[in-house]
Amino acid sequence: MKEAHGFLSIEESITLHLNSKVKKLAQSGHKVFNLTSGQLNFRPPLDLISAIGKELNFLKSFQYAPNAGLEELREKFLLKKSKDRSLSLESTSYDCVISNGSKQSLFLTMKALLKPGDEVILLAPFWGTYFKLIELCGAKPIIVDSHLYNSFTASVEDIEEKITKKTKLIIVNSPNNPAGVHYSDDWMKSFAFLLEKNSNLYCISDEVYEGIIYFDPDPKYFYQFNKNLLKRTIIIDGISKSFAATGLRIGYAICSKELAQILTALQSQISSAPNTLIQSALIQYDFNTLEEFKVPIKNSIRACASILRDAYAQYNISHNWYQTTSGFYYFLDLSKFSFFARYNKKGDLSTQICDDILEKTGVALVPGTFFGKSNCARMSLTIEEEAFREAIELLFRFLES
Ligand code: PLP
């Protein structure tokens, strides 16, 4: 991380920045299809909203919570994960630390684990924030590539090749942002074996999109194949995606009790515990109603994914399509479309291409650069179906011109 003018040099998160660019364009009268969003177009569950209202009546809702978060909620998250994974995380060995969004949970974890010179393996395409957080900790991101034809899933063999004496951590994000797929049970089994062989490695399992699986449900995670791996695993999750509540800022880390103590101490110095009101409301909210809440959300994402599949078929390029299964994104390999021949420069042109696409079609995409992949772009499947259809028609007419 370079310094400029004596200050730390770091860019604003690109997705948030792009959203404001798109808003400005729309405000100036252009028809814009914003496919950059990292959030759902739904309000959180009504029962959660009314629980927030009820909790407003209590003085304690406006006061500090314990640094790791309210105990009852920590236990509730532990219980939920245990149930979802058929584990018993609520034992004496593990703990849950609640933070202001899972982004903060990730930062606390990396700050606690990494020292300058350590290497961290990232599987491309990856959420660009990981890269920045690793650098902020003075560590070095090491990238393992993947491609469209394996649904953007890096192979375990390729990961193994990148492990050195300096490797401290591997980050696995399944379901994946930006690919919109989760890794197969076979992949997870091989990955568990790899971690077993490398007993000095830690693994972050970022599961924030896990609640949104609309195809091939109920995937397994590596630590379910070998429960001993949980001692070296940090599970990251939160309410942003699966409760449609990005703005409420609640995320959490589940890890060994020893590491949880360090995350708590760090958090106590940086921000204290997150918003007590929202934590209290989450204690009142019945997590068992979540599946029902998510039915229309999943239907809407699935409908957008089908529109996309049909567009590939209509242009006879289905061989360049892959089936998304989870989360709410699709990752376009721009180099596979006819229009790409017009860009006869070498290197990563995704930012320039996304700018051209926005200008010519009004469709806003996030350049692949942010996800560690050249000449790609991420699109969100979260806008209303008819608007999405219109956006895809305009986009594909341009891409196949
Ligand atoms: N992890 C991944 C893979 C994400 O895509 C995001 C947000 O887009 C986060 C973590 C952070 O989520 P939040 O801080 O809102 O909980």
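I counted 21 residue pairs in polar contact between domain 1 and domain 2, both residues at pLDDT 80 or more; a polar contact is a pair of N or O atoms within 3.5 Å, where within protein one must be able to donate a hydrogen and the other to accept it, and residues adjacent in sequence count only if both atoms are side-chain atoms. The model is predicted, with pLDDT of at least 70 needed for local features and 80 or more for side-chain atom pairs, while totals for chains, interfaces and linings use all residues. Residues are numbered from 1 along each chain as its sequence is written, and side-chain values use heavy atoms, without hydrogens and water.

I noted the domain bounds, which come from an automatic or database domain assignment, as 6-43 + 291-399 for domain 1 and 46-288 for domain 2. For salt bridges (a side-chain nitrogen of Lys or Arg within 4 Å of a carboxyl oxygen of Asp or Glu), I found one between domain 1 and domain 2. I also looked up the salt bridge that joins the side chains of Lys373 and Asp145, at 2.8 Å from N to O.

Turning to the ligand, I listed 13 surrounding residues, each with a heavy atom within 4 Å of it, and the closest are Ser102, Asn177, Asp206, Ser240 and Arg249. I read 2.7 Å from a polar side-chain atom of Asn177 to a ligand oxygen, and 2.7 Å likewise for Arg249, while a side-chain N or O atom of Ser240 lies 2.6 Å from an oxygen atom of the ligand.
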